[in-house]
Amino acid sequence: MSTQDIVQKLWNLCNVLRDDGITYHQYVTELTYILFLKMASETGADKDLPQEYRWETLSAKSGLELKQYYFDLLNALGKQSTGRIAQIYAGASSSIEEPKNLEKIISEINKLDWYEAREEGLGDLYEGLLEKNANEKKSGAGQYFTPRVLIDVMTELIDPQLGESCFDPACGTFGFMIAADRHVREKNDFFAISEAEAHFQRSSAFKGVELVHETHRLALMNAYLHGIDAEIVFGDSLTQSAKRLRDFDVILTNPPFGTKKGGERATRDDISFQTSNKQLNFLQVIYRSLKPNGRARCGVVLPDNVLFAAGEGTKVRQEMMDFCDLSVILRLPTGIFYAQGVKTNVLFFTRGVSEQGNTKEIAFYDMRTNQPSFGKTHALAYDDFTEFMEGYRDPTRRTGERWSRFTREEIMANPDVSLDLGLIRDDSVLDYNELPDPVDSAEECISNLEEAVDLLQSVVKELRALS
């Protein structure tokens, strides 16, 4: 049984909990609590758990006794344990009301081929479950899950090295950092490195910050199952408390889209331009968090508005081009993120030694114009990036029509210092960006209906409880 098969079986268990009014995202969190115990049992890591709160005890119980024991277990592991276990179970609670549903999930998990799962990697299994959740529109999880292929491409091009410190200030489920760790391991023989190097990679090389509590819990679990003892802060990278997280060699990230609630501005005093635009604030935090050594580098996903926003946006772009060598901007296609029609880009830049005039010219690659819309019917694939990756690595191969370049002088000639450049102009072809994918639109309608049904079922359940 492959990892994909196991992931599908785990995902199908979600249907067991539908009658308890549990959403897809809640289900993944519930499954995280239970899977952790099973995976700890399979790997021998349950030695860190209290004897009375391990998988063998949980799986031996049934009925109301099981339900009460499970609730007590969540409370105990959150309050009585230490370290990573305490973090994963902090504030944990369950929405499972029916004991038979809990029994079903535990028994089905026990039936899975855990030998095969261990061979393929429990971390990959868990990450597959997170990806499955993100691909379900009704789960709402796509907002923090970057497509795996994009993560892999960005990581490969930024090329994290052994001994370098890596950071994601909006880490979601920690996907970028796990990809960075995998990249470093594939490039090095870990049997040949020193104990100090191995300890650094395991405990200090990767850091992240996540604002949403449940997502933070998933990130902790994901890192744990991949053997990474990373510092993953529950907090906001735009606040003063995050100032200590700086001087990184590599940053890979996809900050959240939108504006701060209520028009709030970042509270950090180490960024120059305060704005309610979260992406502009994150961008300032990012380039100021890189080591000013001429080698520290970043790949960041940002929406189109960062490229052309006037006012403070103009000042942020000017400062970024002074602080950093903004070498390449990839204009991504639409349809690859959770919101239909969202237009995004990847900015690749290196922090300079000085803070003046580091960007001389910028290369643009148009992966958007006259392309089929990506979505369920046309999934984004690694091969879609071949031409871009070849040109990124070798400037002499930037010869196709999708490549263009603009000097600093040409960019500065625009009063707004707009970077909304590099798109092919072809008036003979309809701009597909304005046209929704009919299949995706239909699926979105169905998802909305299912969400409404779930909500009604929850309301009915609450009314019955009150009566």
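Modeller: Let's begin with two strands: E4 (residues 250-253) and E5 pair in the parallel sense over four bridges. The model is predicted, so local features need pLDDT of at least 70 and side-chain atom pairs count only at pLDDT 80 or more, while totals for chains, interfaces and linings use all residues. Residues are numbered from 1 along each chain as its sequence is written, and side-chain values use heavy atoms, with hydrogens and water left out.

Biologist: Why are E4 and E5 called a pair?

Modeller: Two strands pair if DSSP finds at least two bridges between them. E4 and E5 have four bridges, so they are called a pair. In E5, Gly299 stands opposite Leu252. Strands themselves are DSSP runs (E, at least two residues), as helices are (H or I, at least four), and both are numbered from the N terminus.

Biologist: What joins E5 to E7?

Modeller: Seven bridges do, and E5 and E7 (residues 344-351) run antiparallel. The bridge partner of Gly299 in E7 is Phe348.

Biologist: What makes E5 "mostly covered"?

Modeller: Seven of the seven residues in E5 (residues 297-303) are buried. Buried means under 20% relative accessible area, exposed means over 50%, and partly exposed is in between (1.4 Å probe, protein chains only). Arg297, Gly299, Val301 and Pro303 are buried on one side of E5, and Cys298, Val300 and Leu302 on the other.

Biologist: How do you know that Cys298 is buried?

Modeller: Cys298 has 0% relative accessibility, and the limit is under 20%, so Cys298 counts as buried. Cys324 also has 0% relative accessibility and counts as buried.

Biologist: What does Leu58 touch?

Modeller: Leu58 is in helix H3 (residues 55-59) and is buried, at 0% relative accessibility. Contact means heavy atoms within 4.5 Å. Leaving aside residues up to four places away in sequence, Leu58 touches Leu37, Leu66, Tyr69, Tyr70 and Ile106.

Biologist: What makes Glu127 and Arg148 a salt bridge?

Modeller: Side chains of opposite charge can pair when their charged atoms come close. The rule asks for a side-chain nitrogen of Lys or Arg within 4 Å of a carboxyl oxygen of Asp or Glu. Glu127 and Arg148 meet at 2.5 Å, N to O, so they pass. Glu127 lies in helix H8 (residues 122-135) and Arg148 in helix H9 (residues 148-158), so the pair ties together parts that are 21 residues apart in sequence.

Biologist: How many salt bridges does this rule give?

Modeller: The count comes to 28 salt bridges. One of them joins Glu156 to Arg393, with the closest N and O atoms 2.7 Å apart. Glu156 lies in helix H9 and Arg393 in helix H16 (residues 386-393), so this pair ties together parts that are 237 residues apart in sequence.
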